[in-house]
Structure formats: C-alpha cells, structure tokens
Amino acid sequence: MDYDSGFRLVNSLVSSSNGLAHQVGVLFDRRRAPAAMAEFLQFTFSGLTVGAVYALVAVGFTLIYNASDVVNFAQGEFVMLGGMVTVFLGYAGVPMPLAAAIAVLITTAVGLALYRLGIAPAHDASTVTMIIITIGASIFLRGVAEIIFDKRFHSLPALFGSDPIRVGGASILPQSVVVLASALLIVCLLCAFIDRTLYGKAVIATSANRMAATLVGINTRTIVGACFAISAAIGAVAGVLVTPITLTSYNVGTLLALKGFAAVMLGGIGNAMGAVVGGVLLGLFEAFAAGYLSASYKDAVAFVVILAVLFAMPQGLVGKTTVERV
Amino acid sequence: MLAEADRFRLLQHHRLFPLIPLAVIIVVLPLLFPSAYYYRVAALVFIFAIAALGLNLLMGFAGQVSLGHAGFMGVGAYAVAIGPSRLGIAPLLAFALGAACSAVLAFVVGRPILRLKGHYLAVATLGFGVLLTIVFTNEAKWTGGPDGMPVQQIIIINWTVHRIGTWYWILAASFLLSAVIALNLIDSPTGRALRAIHDSERAARVLGIEVAQKKLAVFVISAVYASVAGSFFALINGYVTPDASSFLRSIELVAMVVLGGMGSIVGSVVGSAVLVILPQALTVFHEYEHAILGLTLMAVMIFLRRGIVPSLSAALGGTYK
Amino acid sequence: MLKKITIAAGLIGLATSVTGGSATAQVKVGAVLSASGPASFLGDPERKTLDMYVEDINSKGGINGQKLQLVVYDDGGDANAARTFATRLVEEDKIAAMVGGTTTGTTLAMIPVFEDAQIPFISLAGAVQIIEPVHKWVFKTPHTDRMACEKVFDDLKRRKLTTVALISGTDAFGKSMRDQCLAVAPKAGITIAHEETYGPADSDMTPQLIKIKATPGIQAVVCAGFGQGPAIVTRNYRQLGIEYPLYQSHGVASKQFISLAGAAANGVRLPAAALLLANKLPDSDRQKSVVVGYQNTFENKTGQPVSTFGGHAYDGLMILVDAAKRAGSFDSGKLRDEIERTKGYVGTGGVVTMSPSDHLGLDLSAFRLLEIKDGDWIMIPDSAS
Amino acid sequence: MTALAAERISIAFGGVRALDGVSFEAAAGIVFSIIGPNGAGKTTLFNVISGLCVPDDGRVWLGGEDVTALAPERLARRGLSRTFQNLQIFSHLTTLENVMVGRHRHESTGLLADLLHLPAVSWQNRITRDAALKALARVGLAAMAQRPAGSLAYGDLKRLEIARALATEPTVLLLDEPAAGCNPTETKNIETMIRSIVADDITVVLVEHDMRLVMNISDRIHVLANGHTLAEGDAAAIRANPAVIEAYLGAHSAALEPASAVR
C-alpha cells in the first residue's frame, strides 16, 4: 500500500472520529496497542495529578465539618492564601521553606479568626446561614487578597524539579507524586490525631453531641476553633504544594472549593479517607472523560458520575448510613 | 359591627397583607427616580426577587436546598434568546416554552435528586446547575458559546417593549403576581404540607402526606419561577451569556433568600434588593468593594441570622412576614 | 422595610454623588472593566493604565482646557453587571465617551446602551463580532483573533508545516479564536487535522496533548487561549516530550507567560504586538518611542511587567484624546466622527487608520511574530513580505 | 375482630437483631400495650408497623389486609397514625396549623387550585380549621391554637401530637411513650384522653414506661425483651409473671414500680 494514501486514510479517520467508538477500536487494535496503552497511562497520571489536588482541598473540608457541621466554602481561600503568601514572600526575598512556613502560619491565624469572628458568634444559626457566612468570608478574603497581592497568575518552583518521570510512553511530574503522597500523609496524621490523642477524642465528642461534650467538661469552642485552624493549615499546605502544578492567583479559591466540595460529597462527608477517595476519583473521571469522550464535557461527565453515585449511594461512597432516632 | 381596630387586625391576618406596603412602595418609588438607571436597578431587583421567591418556596418553606437554581434561570434566558432567533418562535411563546421546559426538566431530575438530603442534595443540585452551564457554554451553534448571544425584544402587537420604564411596570406587576401565587400556596393544604415537611419529614409521612410528590411539586414550581426570572433577565439585558446560569449566580440566589429571611415572602424582595443595590453602592470604595461586600454579608448573617425581615420584625415586636 | 429601601436608595445617591461629584470644567470618561473575576488579569492592567494616563493628561492641563475625570466600574466579567454599569455611566454620570469593555461578552451586552445614547464606545475586547457588522458608535483597539490566526498560519506555511492540531480554551477568548482559525484555515492552506479543548481553569492538559501526540501526520500545534491555560499547555507539552513546534496566541501577552511556563516556553512562537518587544525594536521602528514610553511608565508605576492588555487601554484612551483635540470639544457626535477619522495613529498595538467601514484600523503588520528564547522574546523577521 | 397484627417480625441493624420473630394481635377497640426494658425493641416495632422501617422478615396486618412495608403515607391513608417518643412537632407552624396538617388526607384541593387560591381552597381551609379546632379542644389545647407550636410546654406538645394524630381520623393509633416526662397530673390527663379515644372505637397501641398508667388502662399487655416476646396477657397476668419480673429486675433497677418514667 502506498504510504501517502495510507497516511491520508489514517489521518482522515482520526480527524473525523475522535469519539468513544473510535477510541475503543484503537484500544483493541494491536498495532496501535502501545500508543493506546500510553494514552491510558497518561489519562491515569493526569487524573491522579488533578485528583490529588482535589483530595488535598477536600481533606480540609472534612475536619471543619466533623467538628462543627459547617461546610466551609472559604476552604478554597485557605488554599489560595497558602500559595499567594508564599509567592509574595518569595518575591520579597524570603527563602522558600521559610516563606511556606510563614504562609501556613498566617493562614492558620486566618482560619482561627474566621472561627472566632465569623462562625462562633453565629453558633446557633441554621446550616444554610452558616454556608452564607462562609461564602461571605470567602468573598472577603478574595477581596483582601486582590488588594494586598495582585490579579496575575503566579507559580512556585516544584519540590523535585520539573523533569517528568516517564513510564511506558506516559509521564508524570514529581510534584504530582508529592501532592498525592502529602494528601495520604495528612489523612493518616489526621486519623492518628483523631484516634490516638485526647484532643482527637474531644473532636469526636464535640461532633457527636456538642451539648454533651460541654457537659463533660470539653471546651467545645476551643476544639472547634482548633479544627478551623488545622483545616486552614491543611489548606495552606495544599496551596504551597499544588501551586507548582495548577499555578495560583487571588481567585483560584472558588473553583477549588467547588471541586473540593464535590469530591467530599462523592466520598461521603465527614470521612477523611472518603475525601481522598472522592478527590482522586473526581480527578480520574475528568481525565478519562477528557481523554475518551470530550474535553469540553469532561466536567459535565464528572458531575454526571457524581449524581449517579449519589442516586445509588445517597451517603457517598465511604459515608456511613445514619439511623435517625424517633 | 366590627370595631375599627378589629377590622385592621382581620386585614392584617389576610394572607396578602404583606403585599400592601410593597405595592405602595412600587407605585411611589418611580416618583423618586431621577434617571433610567434607577429603573434598571429596580427592574433587576424585581427579577431576582421573582427567582428568590421561588427558591424561598423550596428552601424556606419545604426546607430543600438548591445550589443550582440559576440553571433554570439559564433555561428561561436561553429560551427567549434561542426561540425567536434560531427557531422563529414568537418571543412570548418562547417565554412560555422556557417555563414549560424548566418545569419538565425539574420534574425529570427532581425525582431522584430530591431523595437526597442536606449537603448531598446541595451537591447534586449544584452539579445539575453546573451541567446546564456547561451545555450553554459548549453548544455554541445554539447559544453563541461563552460570548453569549443577543436577545430579540418582545413585540406585543406592533408595540416593542423597549423602554426600561415600561419594563419597570411589567416586572413590578409580575413580581406582585408571583408573590400573590406564593402566598396563596403557603395558605393552602399543599402549603401546610410543605411547611410540615420542612420541620419533620417523618411526622409528615405518618400523617399521610406524600412527601416525595410534594417536594417534587414545589421543586417544579420554584423552577418555573426561576425560569420566568431568567427570561425577563435576558429580555431586559437584550443579551445573554452562560453567566446567567453560573454557580455563582445560584449562590447569589441562595444568599438573597437567606439574607432576606427564609420563609419570608417580603424577605425575598429585601434580600434581592440588598444584593442588587449593594454592589452599586459599594463602587465608591473602588478596589475595596469586594472585601466590604464580603464583610457586609457576614455581618448581616451574624447579627440578623434569621434574615433581615424576620429578625427586624421580631426585634420590633411584630409578626410581619 | 420601607426604611430599608430608603437607606439603599440613599446609598446609591451617595455613591453617585461621590464618584460623580461635579467639579468645574471636567469631562467624564467612562470605563466598565472586568477588574475582578476570571478576566481580571486583563481588566486590572487596563484599569491601572487608564488611571495613570488620565492623571498624566490632567497634570499637563487636560484636553481643550478641560480636565478629564475617569469613572471606572468593575463588572467582574459579568455581562449583566456590565450592562447595568453602562446604563449608569450614560444616565447618571453623563459621560462623554467610553473606553472599556474587557471581554467580548460584556462588550456585546453594552453595545445597545451606547448605540441608543449615541456616545462613542471604544472597546478593549478581542472578538471580531464587535466591529463586524460595524456599529456606528462602537470601535475597538485590540487586534482580532482572526488576524492572530492568519499571522500564525503565515508563519506555518513559511515553515512548510501545513497539517496542524488546534487546542483551545472553552472560555470566550479560546472559543472565538478557535472559530476564526477554523474559518481562515482553508484559505491559508492549513489543514487542522485534530482538535482539542480545555477548561479555562484546568490544571492538567496531558490527556488532550497525548491524543494530539498520537495523531499521525501532525506537524505543529496551535494553542488558542489566555490566562494560565497556555502556560500549563506549554509545560505539559514539554512534559510529554512532543517535538514539533508549538504556537501560542496573542492571549499570551506578557512576560508573565514566560515566567509561568519556565524553561518549557523555549521555542514557543506567537503573534504579538510590538509592545512586547519594546526596547528590542530597531530605532527605525515607528512604534518604538510609543511602546518604550508606555512600558517604562507602566512598569515604573506598578512594578509589574507590561502586558498588551494594558496597551489596548492606552491606545483606546489616546485615540479618544486625539479625536477630542481634533474635534476641539467633547461633543459626542463630533467626537465619534473624529475617532472614525483616526489616521496613522501610532499606538502600542500598531498603526491605526480607521474608516466608516473599519472601526479597528489595524492590519496584519500590527502583529509581530515572536519566539521565546531563554526567557525573552526574539522577533522572527517577516521574510515573506 | 383484629385491628392490627404483627406476624413473626424480625429486623436487624448492622448485625444486631433488634426484633426476632415478634407476633401479636390487637383486637379492635382495645388498649394494647407493649412494654419492656430499654432497648427491648418497642420503638423499632412501632417503626416497622408504621412503615418507617422495612422488616427483614414477617408481616404486618391492618384490619385484615397485608400492609407489610407499605410507605407510612399509604398506611396513614388506611387509618394508621402514630405519635413519636422524641417529639416530631412542626415547630415553625402554629399549634392549630400542626393539627390542620393532620387533616391532610381529608383535604381534596388540587395543586393548581392551591396556587390560584380558588374558592374551593378557602372552603377547604375553613373545614380543615374547624375539624382541627375540634381535635385541639378534645385534648384541651384550644386556647393555644394561635401560638407557635415551638413555644408550647413539653406536656402540651405531647397532647398536641395526639391531637394531630387524631385529626387524621385513624382506626389504629400508635402512642409512643405519651406520658414520658409528664408529671402525675399530666399523666392522669393522658389516661383520661386515652380512655376517650378508645371510647370512639379507635384501637390504641401503647408503648409506655409508666407502669401505673399501663396497668390501669391496658386491656392486653405484650412484653418484649431483647427483641423477643417475653409474655402477653392482661395486667394481672403480667404483674404475676416471674419472667417479666426477672427481666425488669435484671435490666433495670427501676423494676415494675410506677412513675419511674422520667428519663
């Protein structure tokens, strides 16, 4: 067969059908198998990269929810602050590790302030009122960031450089592995903290029944405040770690909060491992949808899957069914 | 013979009583308007008030959260944009078709979605809204894509509705009508059932209330409210972009309901007035406007946590809803 | 309740009286910009540029003996907010002219307001729909995305790379440029053999890029997008080790792209205004003094690298000011006519010559083709012309 | 005639058998009490009967028809109503409105009529209100009609729940600890109320810890322990049953003493 016409044939085939059927066909075509395999691997890597980011944001949601039943829509702003403060301290000549540490400290203080000034005074308000308060907080934090910082995008250097790790024709950046490992590490630390320490027990008690916790002598204000602070710190760490991949700007928080919230609910709210599972799965859905279906509709596919999962499991993947007493 | 005071009390208990002060304000307000700009702001207040009213029926009365209601606004908005220009349907008919589409859509997705509770319901409705926005953004052949598309003006028998002053009266009347229907519903068997569901689904069920069916009904009604608001929104702007249905718009609607007061019909218009007017007022602060907007939102919710109207009403010792 | 509305109404009154306070012999120039929201990295430099140059003009005595007063509103990228602010500029602030409209969506939503009020409106948004068909009162300064496509395709043809893949953002900019590129490709003799998109806030584009990589016959990739997307595309492109040339668009309009994309940006080509080259332009270049002047002013005042977006605002304001000088007044009709008669205005975006049928007034020569090399731009000489 | 019957009901939650083969038959027009120590499965049995829980095994019969796993709202329409141990009051509604909701199954306006407030709706509202007021009067709450239900005292709320359940015009009424937390006077009132309900030919199935109340008014008593049936009989027989005494003494120091119900 003459090379040129064959080439044109393949070419027109590929350009005319980038739909699922064709892709599946390619998957089973043996001559194309290595390429198809590489694609599959790359989609997986991409999903893990993005999913790790979502997971790290989602973990932050979980702790605050556990302690106070508040879904904190300002969680994305914690991530933004972590990244942006580090970036701007870096510009001011502060060495990177120190800058990151300061950023985490500042964000922690912001988290504590959010609880003390915003959440605690409204402690008996309804869930939706709380959501609006946290949304107000997120608008405020974004507004302050746009004044203090600027409106451009910024990046941070990756921890282990930007030379990709190549596996079977696909590649992943070392930073993605760092983010994924950090998400897992943070979840493990969180679980250890909750299960092994007195403080952790107090968190469980507070979340189970705040009144009873107060009665047995737990200072629930301190506990919930601590949870906000820790969540903020987790958000800030996430911000420092994901900025080399996602870049950052004063308004990255909104989208991260949206995706993080979706990931949390997919996993089942209130469960730290569920948050990681939800985040990684959400990332994978998006990547495979982008790869095998349509990049334009990948977010749509992700949400359709979330809806389907919730219809089948109304408490999320890892969520536990609660028995309401009457 | 009823004493004067008794007669007033009877009037006060009439379900439509809360609308009397609103109607007076609506009539008097234009006398104070120095320019068309004020008409436009007021028109936007009415539009968002209609959407917030519908959402309030769902959230404030039936107790079901929706973080995707702007999606229905989008359906209404694109109906009046696409209908006349792409399908040759008369604008008024497109308006009605939009509402019908929203109702059908709400009916279809409502059944599975409303089985979810609390934050799971929140994320499912959010996902639904995001899906619609993605469709509006991607189906450029129909919707003009992310840049949006122009909307033809409404023509009623050779009379083009163009001036914003005209829109003011149309929208004021539509808003009042929406409020009347909402108040009708609240003071009816269905309304009582919905409010019961809000407080205890179990108790409502053992009293014989078809909870799923009632939730679905109010979801459809609130979708139609949002759709109507969306159609008006597109018409007075003469232009529509996918922003009409965005996640942030949905959040804005929820904020209007909560800010004004869940379960308060007057609250919905107050909430939408605050969130439409505040950004206009805050432009004085230039780059500080967002920080101040966020702070205001937080402060109002912390100090008037039941919402502006119920909290102020309670503080003044009244029972105005 | 009544009190609430009165307070609110009072607040609006306050707002207008502060921003719109009537000083003596001032002419108001309006601007509705997306200084916050997803397009804020366009709107922000635009706002800064207008602020600093209006101040500069006033310190030099104003125009025709009148000082300018700039009234800026931030629409957050929302078309509805833009339309409300446009109405406010016209009805409340009584502006003489408008420079603004950061995005195509906000601009298109505002056009009817200014057409009705008969006030000149110079838009800073990209898409060609703004000036095609021509609206009597509407002008724009940025190059159209069609011109960017043509410029890129010219270079591709010169390099004999005729089968390309296109990856574009699903935002307004990417979508519009994609449509224009698809439209002009056949005429330019370019085959777009594969197409991909990415979401404006996506953080990993490797799935799309590996599919491009797997498509046989591709000789180059064109990316249409602005914001952080193109930087991530560029990084992912190198991550996957794709060898053939990568072209970015004029949406990549500042040094910031180079710092975001890092070493991966090496070898990327893009069409851009002369502004990005500034000091590297030959002294003989007509634009040199203008772009160097603007660059120095902007960078000294803000401490941020100059971007072509701010340049569009500069051009819009200067075209307006020149027209006002020629008209001798800010009478809206005369102003409009003079803007339309702009001839040989040398700006940051190119040399502008408008006409009743061309409310942009730039040709392909306004674009330079740049290549990124070791963290800086170099110009690819226009050997074809 | 049997008004309500349970047949070998079994249900487990996460491996714990809450009910294991429980059967009973309650004749029409009597007070049938179910007692047992805490955790015996009484409320679970109520939840199964009223359709809130689906049993793993067994059947529920209402007036001779198999109603196993029927949704609560369907059961309500067949004449079964109940109150809750932890009150399930509609606290945002007024006292009167709470009872009006109980009339829902007797209301006949359509959604469209409701939205437009057609004359039928005014008419329906009036009828519902009158019936609700009557039910309130019956439990002695008429004076509280316009008060927000959330503001009522605990004892009043207990009576409000009964009024609300009565408003549905049930044939079988399940009362889940109606006297819990009530003082002796209030308990006496509830006793009187139950007697008047039974006098109207409504079968009352009662779960209660207050033994004096149970022993006074029950026609028949069914004793549960750990999800099993321990005994069934009239008050005298139960009082004399050694297994029952054993179970109560073993599980609970409070024993069969009356007025031990404050929990």
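Me: Before we start, where do the domain bounds come from?
Reply: Domain bounds come from an automatic or database domain assignment. Keep in mind that this is a predicted model. So the source of the bounds is an automatic or database domain assignment.

Me: Which domains does the assignment give for chain D?
Reply: One domain of chain D is written in two pieces, 2-88 and 171-251, and is called domain 1. The C-alpha centres of the two lie 29 Å apart.

Me: In chain D, which residue of S2(D) is the bridge partner of D:Ala12?
Reply: S1 (residues 2-13) and S2 (residues 16-27) of chain D run antiparallel, joined by eight bridges. They make a hairpin with two residues between them, and D:Gly14 in the turn has a positive phi of about 50 degrees. Across the pair from D:Ala12 you'll find D:Arg17.

Me: And which residue of S4(D) does D:Ala6 stand opposite?
Reply: S1(D) also pairs with S4 (residues 57-62) of chain D, through five bridges. Those two strands run antiparallel. Opposite D:Ala6 stands D:Val60.

Me: How many nonpolar residues are on the side of chain B that touches chain A?
Reply: Here 32 residues of chain B are in contact with 36 residues of chain A. Helices H6 (118-138), H12 (247-260) and H14 (289-303) of chain B each supply at least two residues of that side of chain B. Sorted by class, the chain B side has four charged residues, five polar ones, and a nonpolar count of 23.

Me: Which residues of H12(B) make the contact with H6(A)?
Reply: H6(A) passes H12(B) in a left-handed crossing. From H6(A) come A:Val128, A:Thr129, A:Ile132 and A:Ile135. The contact has seven nonpolar residues, one polar and no charged. On the H12(B) side, the names are B:Ile251, B:Val254, B:Ala255 and B:Val258.

Me: Which helix gives the most to the side of chain C that touches chain B?
Reply: This contact takes 34 residues from chain C and 30 residues from chain B. On the chain C side, H1 (2-19), H3 (79-93), H4 (104-117) and H6 (172-188) each supply at least two residues. With eleven residues, the one that gives the most is H1(C).

Key:
Residues are numbered from 1 along each chain as its sequence is written. Chains are lettered from A and ligands numbered from 1 in the order in which they are written. This is a predicted model: local features need pLDDT of at least 70, side-chain atom pairs count only at pLDDT 80 or more; totals for chains, interfaces and linings use all residues. Two residues are in contact if their C-beta atoms, placed from the backbone, lie within 7 Å. Helices (H or I, at least four residues) and strands (E, at least two) are DSSP runs, numbered from the N terminus. Ala, Val, Leu, Ile, Met, Phe, Trp, Tyr, Cys and Pro count as nonpolar, Asp, Glu, Lys and Arg as charged, and the others, Gly among them, as polar. A crossing is left-handed if the near helix is turned anticlockwise from the far one by less than a right angle, and right-handed if clockwise. Two strands pair if DSSP finds at least two bridges between them.
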